[in-house]
Each structure stands twice: as structure tokens, then as C-alpha cells.
Amino acid sequence: MEPEVITVGLDGSTESLAAARWAADEAERRNAVLRLLHAWILLAAEAPDTPPDRDQNVGARQVVDRALAEVRERHPHLQIIEDLVGSEAEPALLQAAGASRMLALGSRALTAWESYVLGDVSLAVVGRAESPVVLVRGGWSANPPPPEFADRLPRSEPRIVVGVSLHGPCDPLLGFAFDAAATRGVPLQAVHGRALPVHAYVPWGVDPDVADDVTKEADGELRESLRPWQERFPEVPVQLTVLPENPTRAMVQSVPGAELLVIGRRRHRPPFAPRVGPVAHAAIHHVTCPVAVVPHD
């Protein structure tokens, strides 16, 4: 059986180098092959003996060479493929994603305005790729939990966080999350946010009985959804977090300190709807740890 391939898209940015480091660590962990891919539409066909001063592709080669040198220093025995593609970035990355276990891309932080009006290659690829896409910030680090949530959310140890909507089957999402936790030997925290119904709000705030009923119902549904995967991965400790919040806020509250956030993207969305839902959109632009977006039906 041929080893799996993990591809990282390179553009020479600090963020893409961070993605290369993350992808190399993941490839080493899984005994996979790392592909360093750089797509440049002006890539020229040249003879092997072309003099350096006449090499039109020198800039493209430097992008890959820089990533290769950094990865080799950390993983001297890792099997690596260097791939220069004469194409626009988006189609090249989508094709690579289809032939890879996962695709890693650099992701830059955006302002609140930019995050809703600007698209980029990473967002376009996330919305169309048929395999998981992992977005990595430049220089990301695990942050401590906000003090106001420290007593509500378990963050005392490294973990994988997965956001579960419970609106339908999401086996690829849960499979990816449990596998990520098992591969790293860390717990999995499953997070579900459920907005309270209108009648939960009373003049003095929130009716605690209604909030408790909603939380208990969601907790039972979450446990049932996770049960087959816990049986398949008995070695993975699972922490359940159910919050009476909208899903986006629940995810943002739960993720600080995580090694990886895993969220889903439905392949089949209504016509004219965004390819990426609101929770994934918020995570892509505002969460600092690596974010894995997993397509599922």
C-alpha cells in the first residue's frame, strides 16, 4: 500500500511556512509523504542545464526551497515531494486536495470588515475541496482560556476540539476528529452550542429551568452521536461541552488552548448560499489555532 500524501500549498508567506511546519509534523506522525506545492501560472518549461541567470522559474523554486530547508531541519528523514505547477493557485490546490489525505494552507488574520467582504484563495479552496483543509496561522500558539470561562470549560491539557451541530449525519467530521486525537494521544473535546428558545428569556434574564432542559436534551443527543465513535476509539478520552449559546459563540468560547479545531462544511448547500457556513467562517478568520475544515454530507 502506498503511503498517504499530505499536501501543503506554498506562496512564500510566513503563514504558508507555518502551514509547511504543521503539515510536516502531521506527515511524520502518520508516516505519510509530504508534498510541497507551489503553483505559478507563468512557470516556464526549461531544460535541466539552463544557466541560473536565465532561469525564469528561480522565484518559484526559491519558495519551495525555503520551505524544504525549514522542514528538513525538523524532519531529516521525512519523505518529501517538491511540486512546481504551472497553473493558477486555486485549481492546482483543489486538484492536489483530491489526491491527498489533507491539504494544509496558510491563513492570515483579517479585520472584522475584511473577514466578511474579502475572499482569498484559502477560503475558495476550503469551500470546494473534497478532502479536509487545515488552515494555519503564522506563529500561532495555544492561548490560555478567558478567565470568565475557566471554570466552565476543560482546558487543563492539550486537546482536539470538534464542533458538532447535531443537524444531521457528520461521520467524516467525527472520524477526522477522533483520528486526530488518537494519533496525538490527547483528549477530544466535543462542543455543541444550542441557542435558547424565545420563551427562555424573561424580564430578569434567562429562565434557569428552561436553559437546563435545553442543555440536558442537547447533551443526550451529543452523547448518542458520539457513542459509535467512542466504541471505535476507546483509547480517546472524550469531554462533552454543551453551552446554551449560538453555535458560533460556543465554538469561540471553547477553543482557546486547543491544538486543533475541527469543524464541518456541508458539501451540498442551498443555491446561492455561501459555500462555508457561519461557524466555519468565524473559525477561519478569528480562531488562532490550526483549523481543520472537513467536508461532509
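1. Helix 7 buries Val 210, Ala 211, Val 214, Ala 218, Leu 222, Leu 226 and Trp 229 in this predicted model. These buried residues pack against helix 6 (171-184), strand 7 (188-193), strand 9 (205-206) and strand 10 (238-243).

2. The length of helix 7 fits its residue count. The helix covers residues 208-232, and at 1.5 Å a residue its 25 residues should span 36 Å; the end C-alpha atoms are 36 Å apart, so the two agree. Helix 7 does bend, by about 40°, at Leu 226, and Pro 228 follows within four residues. Leu 226 is also one of the buried residues of the helix. At the start of helix 7, the backbone nitrogen of Asp 209 has a side-chain oxygen of Asp 207 within 2.9 Å.

3. Helix 6, one of the packing partners of helix 7, is mostly covered, with 10 of its 14 residues buried. Those buried are Leu 173, Leu 174, Gly 175, Phe 176, Ala 177, Phe 178, Asp 179, Ala 180, Ala 181 and Arg 184. The list includes the charged residues Asp 179 and Arg 184, and both take part in salt bridges, as set out below. After the helix comes Gly 185, with a positive phi near 70°.

4. Now the charged pairs. Side chains of opposite charge can pair when their charged atoms come close. The count of salt bridges comes to 16. One of them joins Asp 25 and Arg 74, at 2.9 Å from N to O. Asp 25 belongs to helix 1 (residues 14-30) and Arg 74 to helix 2 (residues 58-74), so this pair ties together parts 49 residues apart in sequence. Where do the side chains stand between buried and exposed? Asp 25 is partly exposed, at 24% relative accessible area, and Arg 74 is partly exposed as well, at 43%.

5. A second salt bridge is formed by Arg 30 and Asp 179, whose closest N and O atoms are 2.6 Å apart. This pair links distant parts of the chain, with Arg 30 in helix 1 and Asp 179 in helix 6, 149 residues apart. Both Arg 30 and Asp 179 are buried.

6. Arg 184 and Glu 259 make a further salt bridge, with 3.8 Å between the closest N and O atoms. Arg 184 counts as buried because its relative accessibility is 17%, under the 20% limit. Glu 259 has 27% and is partly exposed. Through shared partners, salt bridges join Glu 4, Glu 26, Arg 29, Arg 30, Arg 101, Asp 179, Arg 184 and Glu 259 into one network.

7. Which residues have the most contacts inside the largest nonpolar core? They are Val 8, Leu 34, Leu 36, Val 162, Leu 260 and Val 262, in a core of 51 residues. Helix 1 gives the largest share of this core, 8 residues. Leaving aside neighbours within four places in sequence, Val 162 contacts Leu 173, Leu 174, Ala 177, Leu 188, Gln 189, Ala 190, Val 191 and Val 262. Another core, of 33 residues, lies apart from the largest one and has Leu 135, Ala 250, Ala 280 and Ile 284 among its members.

8. Two single residues can be noted. Thr 241, found in strand 10, is buried, with a relative accessible area of 4%. Its side chain makes a polar contact of 2.9 Å with the side chain of Gln 189. Leu 123 lies in helix 5 (residues 121-126) and counts as buried at 15% relative accessibility. Leu 123 and Val 133 are 10 residues apart in sequence, and their C-alpha atoms are 9.9 Å apart in space.

9. For the chain overall, the secondary structure comes to 9 helices and 12 strands. Of its 297 residues, 46% are buried. Among contacts between residues at least 6 apart in sequence, 80% join residues at least 24 apart.

Methods
Residues numbered from 1 in each chain as written. Heavy atoms only, no water. Helix = DSSP H or I, 4+ residues; strand = E, 2+ residues; numbered from the N terminus. Expected span 1.5 Å × (residues − 1). Bend = angle between axes of the 7 residues up to and from the residue. Buried < 20%, exposed > 50% of the residue type's maximum accessible area, 1.4 Å probe, protein only. Contact = heavy atoms within 4.5 Å. Polar contact = N/O pair within 3.5 Å; in protein donor to acceptor, adjacent residues only side chain to side chain. Salt bridge = Lys/Arg side-chain N within 4 Å of Asp/Glu carboxyl O. Core = buried A, V, L, I, M, F, W, Y, C linked by side-chain atoms within 4.5 Å.
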